[in-house]
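Good morning, colleagues. Please bring the sequence and the coordinates up on the screen, and I shall then go through selected local features.

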Amino acid sequence: MPFPGGLWWLLCCRQGFTLLRRDYGEADREADGEAEEEEEEASFELRAQGDQGSLEVSLSQPTRRSSGSERSLLVTEEMRSLIVEKGPGPVEDDPDALVKGWLQREVRGGVKTPWIRPRKYWFVLTPDSLDYYSSNEKGARRLGSLVLTSLCSVLWPDKQTYKETGYWSVTVFGRKHCYRLYTEHLNEAVHWVCAVQKVIDSKAPVQTPTQLLMRDVEEHCGSPEVLEQIYRCNPILRYTSSPLYAPLLPFPYGSLDQSDPGPRSYTTLRDEAVKLFNSLQQLESERDPVPLMQGVLQTCLDLPPLVDEIYCQLVKQTTEPPAPGGQGDLHYWQLLTCMSCTFLPSQPVLRFLRFHLDRTESRFPSSEMAKYACFIREALGKTKGRECVPSLEEILVLMRRQEMICTVHCPGAPACSVAISSHTTAEEVAQELVSRLGLSQSPNLFALYEQSRRREQPVGSTTLLADVLTRFENLAGEEREQDPPCRLCFKHYGFLDTDNVPRDSLEFALLFEQAHEMVLRGYVPTSEETLQTLAALRLQSLNSDFSTHVPFPRLEELFPPHVLHARLPPTPCHRPPAKCRGARLRAGLLASGLWGQALAKQRAERDQRLRGRLREEGASTMAAIVEKWKLLQGMGRPEAMAAYVALVREWPGFGSTLFDVRLRASTAGAGAQRLWLGVGAKAVSLYKPGEPEPLDSFCYGRISSFGASDGNTFRLSLEDRDLLFETSQVEEITQLLNTYLTSAGARRPPRPQDTAAGPPASDPTALSQELCPLARPWQHRALVGSSHS
């Protein structure tokens, strides 16, 4: 069959373009390669030598293009080009060639365009550079060269590029250029990556002029005349109003790993360092610098390698400013104060920073700058790292070198105001509250809790309260207006003795409030009549005797809401979707027409009936509670609280902390069973939600190990079996178990990963035998079956 005219025309044009490219394209590529080579030869890096003498450096402000006049280095052997002179072309027996072969510099052909012939080049890897030539023949012109230093980086081939192009990619990042190479074979790509990375690793670390000057300053810190000469001859160490075109510290070339970019996306570290310096210069004229400061701190938290760079930039901008102590200068010092309370620099930068603080205090005594320097020095001795950047309120407080006021709510007692700093931990505040509230003699354990509408969790003992307040500030912007704000609460953390708590003490009031929270959450399985009695006792403790003039709390603040919802008829299940495509189409058409409107109307009517039924049930329950409240005439508040706690204490699990878990089934195909895991001072128990008696109970003598199996799985290893629980509170469970074992004087069992390869490191029989509780009978009233499920 003859080819149509259009196809013949396409083939002829393709052949003609191939000839033109062969004759003229190579000249352009050679010219580009020469220009690229000259640019690489013109650029150089300072490299630290092992046996250097004293170095006197005179540097101006780094600019975008480096030249001899801009960088006058009074040094002989320290300054040299990294380009090695090469011959006219590749030689097959070249001893410097580590790896050589054919590779592509661009994707041509492949899966998407198989009709385009790929163009390959001859690449040669030497100990100093990666060169490519037009061919492998002797005398072939070199088209390009990428100098390899310790700052270069190479990316491994990824499957996504192979799926899109049909080629495995090797990306090599240099100072000014990036080589993206392609090959059809994975083993060849891996071989090139490993060889290039080996050359990069063999290079001596590159040092910038700022690093060399920092070393000189440290060496001559005892000679004021030499130091003044160094600062006078090197403007790179002093304040500048010009932009910065290169970072002060060395950063690897190439893009960042954006596999999990989060809310922000970043470019390379070098570009981000330059952007941050521009942000610092904006501080001088900002009326409200707090948001800009928080943005700089957030970038440092997201990109930890930039912490040292920002410290060096701030030291530079606070050295010999045009107006010492002015508004712009103080903004720099205020940001430096926030940095010192958030991040700890590396040791070389830390030594340089401390020298800068001492120099500032000696040159400007009794000034605001000296006060900031003193505050920063003290903060550096306490900073250990933060999980969150300072909140807006904390930044304002740090700008004034003051402490924050943190409000901690205590159930059954007035809220307490505690002064905290950026380094105050939750354990320190809890100890202060224990001492302030007179709970030092209590055998029970106390802790701070984060309370929100959705959950309540204890704050870790080593957690910084400043990080907690920052999380509250972030959540405040995400929650709806009707949601209650997050807050800190001081409560019981572990109960070692609930029987001997004095009724007239503050601890008993805390115990009463915590017992009431357990009742409202459905963690006290008992009869509905007992729940109504507990609600009446709660009213008596709040309002004393019955009266129509006292305020009534809402029903959900007195009675567990799940009990009322359990009385409602179950919601009818929706009809399963049809498997036939035509049936689904007809159902969709009906749903979008009049039939859909009728269904929506039925659902609205049903929801309205359920809400009406719920109001009726709530009114009848409230009437029953009020009747029981009237019977408590004359009972005082302490007696009502004692009666309330006595009723709750009848449940054997009282005093245990309950966690919602799912027991992973041992047999394949079986679903996980929802349970309560009760962690007490003497045993760990398993409860079925809504049932009073435990399914099983394990004293600590039977537990050989416990801990996190993975992120959401808690492993409890017994003498004869292992139990796996799916829960989002693995850390809280493990911490509470460790606390109980420590309080009882027992040694903590090893973690599962410690005992995976052999027998347990600690004998479970070594645990205190008095931790094993004695079984005791308990009479219980009629229960509402599975009401909290």
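Arg 662 has Arg 674 as its bridge partner in strand S16. It is strand S15, residues 657–663, that is joined to S16, residues 673–679, by seven bridges, and the two strands run antiparallel. Arg 662 also stands opposite Glu 726 in strand S21. S21 covers residues 722–726 and pairs with S15 over two bridges, again in the antiparallel sense. Two strands are taken to pair if DSSP finds at least two bridges between them. Strands (E, at least two residues) and helices (H or I, at least four) are DSSP runs, numbered from the N terminus.

A word on the source. This is a predicted model, in which local features need pLDDT of at least 70 and side-chain atom pairs count only at pLDDT 80 or more, while totals for chains, interfaces and linings use all residues. Residues are numbered from 1 along each chain as its sequence is written, and side-chain values use heavy atoms, with hydrogens and water left out.

I turn to the aromatic rings. How many aromatic pairs does the structure hold? The count is 13, where rings of Phe, Tyr and Trp (its six-membered ring) pair if their centres lie within 6.5 Å; planes under 30 degrees apart count as stacked, over 60 as edge-to-face and the rest as tilted. Among them is the edge-to-face pair of Trp 102 and Trp 122, at 5.3 Å centre to centre with 70 degrees between the planes. Trp 102 belongs to strand S3 (residues 99–104) and Trp 122 to strand S4 (residues 120–125), so this pair ties together parts that are 20 residues apart in sequence. Trp 122 is buried, at 9% relative accessibility, whereas Trp 102 is partly exposed at 34%. Buried means under 20% relative accessible area, exposed over 50%, and partly exposed in between, with a 1.4 Å probe and protein chains only. Ring pairs also link Tyr 121, Phe 123, Tyr 132 and Tyr 179 into a cluster.

Next, charges over rings. The charged end of Arg 359 sits over the ring of Tyr 231, 4.1 Å from the ring centre; the criterion is NZ of Lys or CZ of Arg within 6 Å of the ring centre and within 35 degrees of the ring normal. For Lys 630, the ring is that of Phe 546, at 5.0 Å from its centre.

Finally, the backbone. Glu 320 is not a glycine, yet its phi is positive, about 55 degrees. Glu 320 lies in the loop between helices H8 (306–317) and H9 (327–340).
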